Amino acid sequence: MPKEIVCFGEMLWDLLPTGKLPGGAPMNVAVHLTYLGERVHLISRLGQDALGQELTSFLQQKGLGLALVQTDATTPTGTVKVNVSDKHEVRYEIVAPAAWDFISYSEEAAQTVSRSHAFVYGSLAARHEVTRQTLREYLTRGNLNVLDVNLRPPFYSQELLEELLSAAHIAKMNHHELAEISAWYGPATDLRESMRFLRQRFNVELLIVTQGENGAMVLQGDHFYEQAGFPVPVQDTIGSGDAFLAYFLHALLQGEGVATALRTACAAGALVATHTGATPQLTEQDLQTFLANQRHLQ
């Protein structure tokens, strides 16, 4: 049965050497959840410009509800200059200001968050005080707050991350982000100890750490779940983490166990990396065939 999910934050264009592609972590997660048949609402803001119109058309074609996407008459639609010279470690130059820095509060959006099964938000969207304050309001209404940590210097601080983590029921980050955040509190420890420390400090119910080609790990209570990476020919890793989060959340909300959700999410992230861009549509058959082949190889 479809679940109602709200994704909050940046929607933009990734500017690659080969051309522009739709992007922004919350938008990518929303698109993948829509592919999976969930009822998704995107809360964001676009400029009243050609780029905003193109992004609107793209999302309408994907079947995504845009009733809560605002328009800005003075600030442009967001763009990011993407450096893919290293396909495994993509680098980003995020242009500021952008329309998504000025997402304003609406009671309609707040009510949608209140009735939703999950509220997905990221740390990047909170870089500007206007959007940050709106996010604070919605976090008090969320039933299952899902934080997607996205450390993009200089757009974050320890204080900001502590606030966002404290509001999260589920938090996802990569192993580099885990190491950086853990180092704020003392000498570096191993990955498991760092995960235990953060989960306990911020009372996160479920902590997810992705490790690129090495798979991912989840800590729920005192129990660790691990999934090795799936070797694939990489086109680029743009959006792999977003697909991972969408498929993990979908599986969890549909009643799958953490281990199954983690395996499916790692497979989805790997398959997205075999494509160019963040939102290729993966079918259930694609995933099942891929996982069956992996079992055969083991």
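Trainee: How do H8 and H9 run relative to each other, roughly parallel or roughly antiparallel?
Mentor: H8 and H9 are roughly antiparallel to each other. The axes of H8 (residues 240–253) and H9 (residues 258–273) cross at roughly 150 degrees and come within 7 Å. Angles over 145 degrees count as roughly antiparallel, under 35 as roughly parallel, 65 to 115 as roughly perpendicular, and the rest as oblique. The axes are lines fitted to C-alpha atoms over the stretch in contact, with angles from 0 to 180 degrees between N-to-C directions. Helices here are DSSP runs of H or I with at least four residues, and strands are E runs of at least two, numbered from the N terminus.

Trainee: Which residues make the contact?
Mentor: On the H8 side they include Phe244, Tyr247 and Phe248, and on the H9 side Leu262, Cys266 and Val272 are among them. Contact means heavy atoms within 4.5 Å. By class, the contact has 14 nonpolar, 3 polar and no charged residues. Ala, Val, Leu, Ile, Met, Phe, Trp, Tyr, Cys and Pro count as nonpolar, Asp, Glu, Lys and Arg as charged, and the others, Gly among them, as polar.

Trainee: Before I go on, what sort of model is this, and how are residues numbered?
Mentor: It is a predicted model, where local features need pLDDT of at least 70 and side-chain atom pairs count only at pLDDT 80 or more, while totals for chains, interfaces and linings use all residues. Residues are numbered from 1 along each chain as its sequence is written, and side-chain values use heavy atoms, with hydrogens and water left out.

Trainee: At what angle do H1 and H8 pack?
Mentor: At about 45 degrees, with the axes 8 Å apart. H1 and H8 are therefore oblique to each other. The contact includes Val29 and His32 of H1 and Asp242 and His250 of H8. It has 7 nonpolar, 3 polar and 1 charged residues.

Trainee: New topic: how many salt bridges are there?
Mentor: The count comes to 12, a salt bridge being a side-chain nitrogen of Lys or Arg within 4 Å of a carboxyl oxygen of Asp or Glu. One of them joins Asp72 and Arg45, 2.9 Å from N to O. Asp72 lies in strand E5 (residues 69–72) and Arg45 in strand E4 (residues 39–47), so the pair ties together parts that are 27 residues apart in sequence.

Trainee: Are those two buried or exposed?
Mentor: Asp72 and Arg45 are both buried.

Trainee: What does Glu129 pair with?
Mentor: Glu129 forms a salt bridge with Arg132 at 2.8 Å and another with Arg136 at 3.0 Å. Glu129 and Arg132 both lie in helix H4 (residues 129–139), 3 residues apart, about one turn of the helix. Glu129 is partly exposed at 39% relative accessible area, and Arg136 is partly exposed at 27%.

Trainee: Which residues are linked in that network?
Mentor: Glu129, Arg132, Arg136 and Glu163 are linked in a network of salt bridges.

Note on methods
Buried means under 20% relative accessible area, exposed over 50%, partly exposed in between (1.4 Å probe, protein chains only).
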